[in-house]
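Subject: Structure for your review

Dear colleague,

Please find below the structure that I am handing over to you.

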Amino acid sequence: MNARFWQARRIPVTAVGIAVLAVAVWWAGLWLASRPYFSGPLARPPVAVGGPLIATVLVSRTLIGGDVGLERSCPRFTPRFRALHALLSWSVPSAALAVTLLADPGVFGAAAVVRNTAGLVGLTLLTASMAPVHVAWAPATVVAFTSYLASGHAEGVGAAWWGWLLRPGVLDASWVVALGLLITGFITYQRRGPRR
């Protein structure tokens, strides 16, 4: 693939955006955890949800290029290419954001960011295969905002299932939900590709 294709898919701009986002997540995580009126790392849910959400929106812009003529002239994307694209769409932002929150990784740190990125990217990939790709980011945004607004009630039976974004990084049902979304989105995107 040539440089024009990478530019049309917004790959360089997205890479820079993820790098800038990682620095912002690192700074915000430190700032929230160091405030005396917050409870240390337990104050990082805005970062653990916001960082993966912004990364997901950035990644969703790479699912289809802006130049329709160029998209049609490129060789048909094989399921292997789409599988690699889906894998990189999750792993690169997850790694970049996880490295920034290694202090207390189990408390809204690296583990929560990896889980949240997995779930939100999986939901975006699933949406891109079923709805027009330009709105693939919308369901992930709705889920993130709804979960965050309901986070005051994210306790009790079943909270790990519906409030999976706002759980600390410990292994519980929230990982099942996030990985289920990632696997479903990955398989659907790999088989069907993005819908135009």
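A residue is called buried when its relative accessible area is under 20%, exposed when it is over 50%, and partly exposed in between, with a 1.4 Å probe and protein chains only. Please note that this is a predicted model, in which local features need pLDDT of at least 70 and side-chain atom pairs count only at pLDDT 80 or more, while totals for chains, interfaces and linings use all residues. Residues are numbered from 1 along each chain as its sequence is written, and side-chain values use heavy atoms, with hydrogens and water left out.

Overall composition

The protein chain has 9 helices and 0 strands; here helices (H or I, at least four residues) and strands (E, at least two) are DSSP runs, numbered from the N terminus. Of the 196 residues in the chain, 45% are buried. Contact means heavy atoms within 4.5 Å. Counting contacts between residues at least 6 apart in sequence, 72% join residues at least 24 apart. The accessible surface of the chain is about 9,700 Å², and carbon and sulfur atoms account for 71% of it; such areas come from the Shrake-Rupley method with a 1.4 Å probe, and for residues only the protein chains shown count as cover.

The salt bridge

A salt bridge is a side-chain nitrogen of Lys or Arg within 4 Å of a carboxyl oxygen of Asp or Glu. By this rule the structure holds 1 salt bridge. The partners are Asp-172 and Arg-167, with 3.4 Å from N to O. Asp-172 is partly exposed because its relative accessible area is 23%, whereas Arg-167 counts as buried at 19%.

Helix H2 covers residues 11–34. The expected span of a helix is 1.5 Å times one less than its number of residues. For the 24 residues of H2 this gives 34 Å, and the end C-alpha atoms are 34 Å apart, so the two values agree. The buried residues of H2 are Thr-14, Ile-18, Leu-21, Ala-22, Val-25, Gly-29 and Leu-32. These buried residues pack against helix H3 (45–60) and H5.

Leu-32 counts as buried because its relative accessibility is 11%. Beyond its neighbours within four places in sequence, Leu-32 is in contact with Phe-38, Gly-40, Ala-43, Arg-44, Pro-46 and Val-47. Leu-42 is 10 residues from Leu-32 along the chain, and their C-alpha atoms are separated by 8.9 Å.

A search of the whole structure finds 1 aromatic pair. It is formed by Trp-27 and Trp-31, which are stacked at 6.3 Å centre to centre with 20° between the planes. Trp-27 and Trp-31 are separated by about one helical turn because they are 4 residues apart in helix H2. Trp-27 is exposed, with a relative accessible area of 54%, and Trp-31 is partly exposed at 33%.

Val-23, Trp-26, Trp-27, Leu-30, Trp-31, Tyr-37 and Phe-38 make a nonpolar surface patch of about 780 Å². Patches are made of residues with over 30% relative accessible area and no salt bridge, like charges being joined within 9 Å and nonpolar side chains (Val, Leu, Ile, Met, Phe, Trp, Tyr) within 5 Å.

Helices H8 and H9

Helix H9 (residues 173–192) has 20 residues and reaches 28 Å from its first C-alpha to its last, close to the 28 Å expected. Its buried residues include Ala-173, Trp-175, Val-177, Leu-182 and Tyr-189. The cover over the buried residues of H9 includes helix H5 (79–100), helix H6 (110–130) and helix H8 (159–162). Just after H9, Gly-193 takes a positive phi of about 75°.

Trp-161 lies in helix H8 and is partly exposed at 48% relative accessibility. Leaving aside neighbours within four places in sequence, Trp-161 is in contact with Ala-173, Val-176 and Val-177. Trp-161 and Val-177 are 16 residues apart in sequence, with their C-alpha atoms 6.5 Å apart in space.

Yours sincerely

Conventions: Rings of Phe, Tyr and Trp (its six-membered ring) pair if their centres lie within 6.5 Å; planes under 30 degrees apart count as stacked, over 60 as edge-to-face and the rest as tilted.
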